[in-house]
Each structure stands twice: as structure tokens, then as C-alpha cells.
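Here are a few friendly notes to read alongside the model. Take them one at a time, and find each spot in the structure as you go.

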Amino acid sequence: MPEGPEGDEPDGRRGAGADGAGERRGAEATPDEPAEAAARQVSRIVLLDPDDRILLLHGFEPARPAETWWFTPGGGLEGTESHEEAAHRELAEETGITGAVLGPVLWKRRCSFPFDGRRWEQDEWYYLGRTERTATDTGGQTDLERRSVSGLRWWTSQELSASHETVYPTRLAELLRTLLVDGPPSAPVLLETQRV
């Protein structure tokens, strides 16, 4: 399952832990509109520390805890917030890290996957982020996040390349290597659509 909704409740409200990452999923599709109109708008952060390690969260399907994967911090836009505002808010809620410096949008991806009893359709923007802070605090996570995220970890590019664990977006190790060698792309790279 690609990166879960990180705490969204099925109706898009903030749950007991008050996440609400799905308040702004895009307009609900009507019979006359294309399905794309209903995609949840998501901001994610490729957060790098001073040693170029990337921060990933370890998630799992609540009903099947043995199904695990690693993913970047982030989540859905709320209300009228911008992608940048959502990126900062989600990072603070999920990791406790504030004050990260956001760079350009590196990649964009469309994905569809089942999670926590429903199907999610998402348009994801991946921002480059830099931070001096490596200590994390998961106290701001929502109820669903607490039921579906087992931890966080800073990974080197080499560790990520050598891992056999599931990581989203797919090809993240390759994408990270290219980013560290070539720098950010001049325009966001459109990643392959993923449907699970």
C-alpha cells in the first residue's frame, strides 16, 4: 500500500488525534466530472538532514500489522492552505520537526490504493526539505497515525539502496541518488502512476 493517508478519517475530518490530513481532497466527483476531480491533494517532504539522510516513517495496514512499508512525511491539504503550508503542518504533526526549509517540488505522482477499509485517490507533490534538526517527536500524530505508524528513521542513500523493504514512492532509492548527485530537477518530474 503506497503511503497511507497519515491519519485521515474516512470523512476527511480530523480524528481523535485531530489530524485531518484529508480536509481538502479536491471537489467530489459528479457523474458529469472526470474521476480526477476527486483526487485528494497531498504534499510530501523529501526531508534531508545535514548528512543528506532522508527521514521516512514506517507504516502498516491497521487491520494487518504485518503489512509494512516506509514512506515520506506528508498528507492532505486542509481548507484553503497551500501545498507549502500543508507540507510544513504535516511535517510538524508527524515528526515534531518545525522550521524546515522547503525547496522546490521535486516530483509529482498520482496514486490509488486501499487503506483502512477504503480506496484512496491522491495527487502527491514531493518537496525537497532541509533541516538541521534530527530529533523527532511523534506526539502530534493523529489517532489513525498512532494505529498505523510504528516509527521513523533517518536513512542514508546507501542504506535505502540496499534495503529490501517496501518503500514509497517506488524507486525512491534511485530518485534520492539522482537528487544527491545532480541536485533538484529544473521542473518537477512526473513519476509513474501507481495503482495498488
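1. A residue is called buried when its relative accessible area is under 20%, and exposed when that area is over 50%. Keep in mind that this is a predicted model.

2. Let's begin with the aromatic rings: a search of the whole structure finds three aromatic pairs. In one of them, the ring centres of W69 and F115 are 6.4 Å apart and the planes stand at 80°, so this pair is edge-to-face. W69 belongs to strand 3 and F115 to strand 5, 46 residues apart, so the pair links distant parts of the chain. Both W69 and F115 are buried.

3. W107 and Y126 make a tilted pair, with 5.7 Å centre to centre and 50° between the planes. Here W107 sits in strand 5 and Y126 in strand 6, 19 residues apart. Are these two buried or exposed? W107 is buried because its relative accessible area is 4%, and Y126 is buried as well, at 0%.

4. Now look at helix 4, residues 172-182, whose buried residues are L172, A173, L175, L176 and L179. They span an arc of only 165° around the axis, which puts them on the same side of the helix. V181 and D182, on the other side, are exposed. Among the elements covering the buried residues are strand 5, strand 6 and helix 3. Just after helix 4 comes G183, with a positive phi of about 85°.

Notes
Residues are numbered from 1 along each chain as its sequence is written. This is a predicted model: local features need pLDDT of at least 70, side-chain atom pairs count only at pLDDT 80 or more; totals for chains, interfaces and linings use all residues. Side-chain values use heavy atoms; hydrogens and water are left out. Buried means under 20% relative accessible area, exposed over 50%, partly exposed in between (1.4 Å probe, protein chains only). Helices (H or I, at least four residues) and strands (E, at least two) are DSSP runs, numbered from the N terminus. The arc is that of the directions from the helix axis to the C-beta atoms. Contact means heavy atoms within 4.5 Å. Rings of Phe, Tyr and Trp (its six-membered ring) pair if their centres lie within 6.5 Å; planes under 30 degrees apart count as stacked, over 60 as edge-to-face and the rest as tilted.
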